[in-house]
There are 2 protein chains.
Amino acid sequence: MNKIYNPEKDSWSTILSRPTQTVEDIEATVLEIFNEVKQKGDVAIEKYTNLFDGIELTNIQVSATEISEKGKTIDGSLKQAILLAKNNIEKFHKAQKTSKIEVETAVGVNCWQEKRPIQKVGIYIPGGTAPLFSTVLMLAIPAKLAGCSEIVLCSPPDKEGNINPAILYAAELCGVTKVYKVGGIQAIAGMTFSTETIPQVFKIFGPGNQFVTVAKQLATKYGVAIDMPAGPSELLIVADDTSNASFVASDLLSQAEHGSDSQVILVSTSKSLIDKVETEIEIQIEDLPRKAMAQKAIDNSKLIYVDNDAIALNLINQYGPEHFIICTENEDFYIDGIQNAGSIFIGNYTPESAGDYASGTNHTLPTNGYAKQYSGVNLDSFLKSMTFQKVTKTGIKNIGNAIEIMASAEGLQAHKNAVTLRLNSLKDE
Amino acid sequence: MNKIYNPEKDSWSTILSRPTQTVEDIEATVLEIFNEVKQKGDVAIEKYTNLFDGIELTNIQVSATEISEKGKTIDGSLKQAILLAKNNIEKFHKAQKTSKIEVETAVGVNCWQEKRPIQKVGIYIPGGTAPLFSTVLMLAIPAKLAGCSEIVLCSPPDKEGNINPAILYAAELCGVTKVYKVGGIQAIAGMTFSTETIPQVFKIFGPGNQFVTVAKQLATKYGVAIDMPAGPSELLIVADDTSNASFVASDLLSQAEHGSDSQVILVSTSKSLIDKVETEIEIQIEDLPRKAMAQKAIDNSKLIYVDNDAIALNLINQYGPEHFIICTENEDFYIDGIQNAGSIFIGNYTPESAGDYASGTNHTLPTNGYAKQYSGVNLDSFLKSMTFQKVTKTGIKNIGNAIEIMASAEGLQAHKNAVTLRLNSLKDE
């Protein structure tokens, strides 16, 4: 752990720098697979599934029966936990529905804004040791609430050609319409171009390794939108002596276990808290099954002491953490002042895990400083806003001349004509 | 003009295909300028301003005095027109403000969503023959309403080293904080990396030629967000015999005058209307100053007859037009059924020009079929949504066990521990 005391402002960007991601070297691989999927469809999908996942599949679509039957096999207690989480996530995202906004901006000029669903969306769920069924909840629930008519889920098969039952259970529960046993670059390519089996979607959501990340970036060049650019997960905690060092340490470790490139930062105005947290981390890390991974992230972690809250807030806003935990007496100072963060956890009894699974907020959040300009996934991520206007005869009389003058000043005569013709037709009315 | 009768569904994507944009060949140029601006700052900015705009500038920032004084020189009638437009745009975008959304998802689990401004935004305004001061209104007004603290405007200087006074007038009126005489790739690069003079921004908005478009795409690789991917402007009109052929022709021409690659499409269930519109276009185009440009777009335009409204709607949703005008008796059929369009104009007295300038809706809209998944610029484009959660002791008792079970099932022991420690501490409470 790196303890840093009162760093100079000039050094903040260095201290807070994220691990560099080198994507250039994998872009060529991604492009090659994209081209092959575009040209050969399912044949290419099968080839790469065999190559990367080590399994030969004749049918990559999971049938409704298989989804339902395999989903049923998970533990009853896990089902109950998923139902509780679903309930909270649904409540919070349902509350985000906005109604039609209608304004008569001038007499006879009616403008309104409506949000309509993105018709086809894709959800990518990584495979591997941790089956991220929680991400299915976080993406499929708002997609369903938004009214997306096609919700496609892709996830890589294991060596036996299966998708984890908890993923299937969550998919069925949350209204996913189609599930495919396809992972990695080939899954993203499939949803970008469509194949004989996989449908094309308009927007792709979900986490993934660096290959998936680069594939999602490339997909945007072919007219597909993505939820947001991705980077390693990160947590910044601001804590003072009113916090519980053991809790703080457990939260830092829950971030650290995500991977060796996870970002773990503690900012405090208390030197003694920093020391206590350090000790607690050393104790707690011993029992973790993912200790090796967590240790690397902890080795790179920063414990930063600053003299006062104003400096701390400034530094935190410059960093723009994905997850931000506030465990300080004056929590309102940070709640009011935070400008750049994905999701914020307040008080000693709000671990990051709460938001990862069950509080109801979304866990798909901007990393890599993108909290400065990107929202985390929310209901609106599955909608697009459209504007409507209806101008009456009175309306065009009211604003027509202004349009003529402005169009003329911009040198756009045909734009002016479209108004002039209408105004002329109304001269006698 | 290409008249097409009852096209087979298989042929729609060919008929409705947009002009291909070849960006690969200019990516190298863009990357080179980006690297030079990153390394040499203002020196590179000045070099390329000299090269592309043919003017040597010692000071690229426009002073507050210059903005104010030059802005004053525009015609009084233009000022009035701009004020009218500003008023309408402001009303419509102010109505888009959403309030904090707060939900107690379970007892003791409080979640809320708040939108906070993107602190620093950049607005790019192209130069050339048409000084797009209207775009200043469309971008700076919502930026100011959102509460962005830094609103930077870049626009290329003319041969005398000036920016059009109408642009300066609009910039001052709408709360732009800094104006720079910098255009093209170098402007986007400057706002991406910052130079001695130009500040870095978190999100860049605004139209531009293909160099600017590619530069904005490249900016996203360096952590800057952009409003949306861009393509040539486009208009699709659906009209029947209740429409006015002369008005319809004038709207198609106002789109056509944007450039030879503009997309102009009429869909109708009336063959006679199609013929009338064709004749009207031939008459009206004769008097246009931008006739040559408009003619090329008209030559590529499509006048499509279909047998009924259901087919028409289906075809329109597949295309996803940026601008969509509805001039039919059963307008509600199209209003209710349109899934994919940027901005919609309804009735015979609502020309596209109305939305381009003064109805109040935004004119920065998704082209190239992106209406399927992207919103046009709106108030939210200048905000990001952040989520907050505060869990009480009771709250963690209510959801803690579900989190433990889910974290455990995902193999994330440290996530579970963070909850277990808290639950254990509360055993006696």
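Q: Across which strands of chain B does helix H8 lie?
A: Helices (H or I, at least four residues) and strands (E, at least two) are DSSP runs numbered from the N terminus, and this is a predicted model in which local features need pLDDT of at least 70, side-chain atom pairs count only at pLDDT 80 or more, and totals for chains, interfaces and linings use all residues. Residues are numbered from 1 along each chain as its sequence is written, and chains are lettered from A. Contact means heavy atoms within 4.5 Å, and angles run from 0 to 180 degrees between N-to-C directions of axes fitted to C-alpha atoms, for helices over the stretch in contact. Helix H8 (residues 184–193) of chain B runs at about 180° to S5(B), lying across S5, S6 and S8.

Q: At what angle to S6(B) does helix H6 of chain B run?
A: Helix H6 covers residues 133–146 and lies across S5, S6 and strand S8 (203–205) of chain B. Its angle to S6(B) is about 165°.

Q: Which strands of chain B stand at the edges of the sheet?
A: Two strands pair if DSSP finds at least two bridges between them. The open sheet has 6 strands in the order S2-S7-S6-S5-S8-S9, with mixed pairing. Each edge strand has a single partner, so one side is left without a neighbour in the sheet; these are S2 (61–62) and S9 (225–226).

Q: Which residue of chain A comes closest to the rotation axis?
A: With copies superposed by least squares on C-alpha atoms of residues with pLDDT of at least 70 in both, chain A can be laid on chain B with an RMSD of 0.0 Å by a turn of 180° and a shift of 0.0 Å along the axis. That is the relation of a two-fold axis. At 4.1 Å (C-alpha), the residue of chain A that comes closest is A:Thr98.

Note on methods. Side-chain values use heavy atoms; hydrogens and water are left out.
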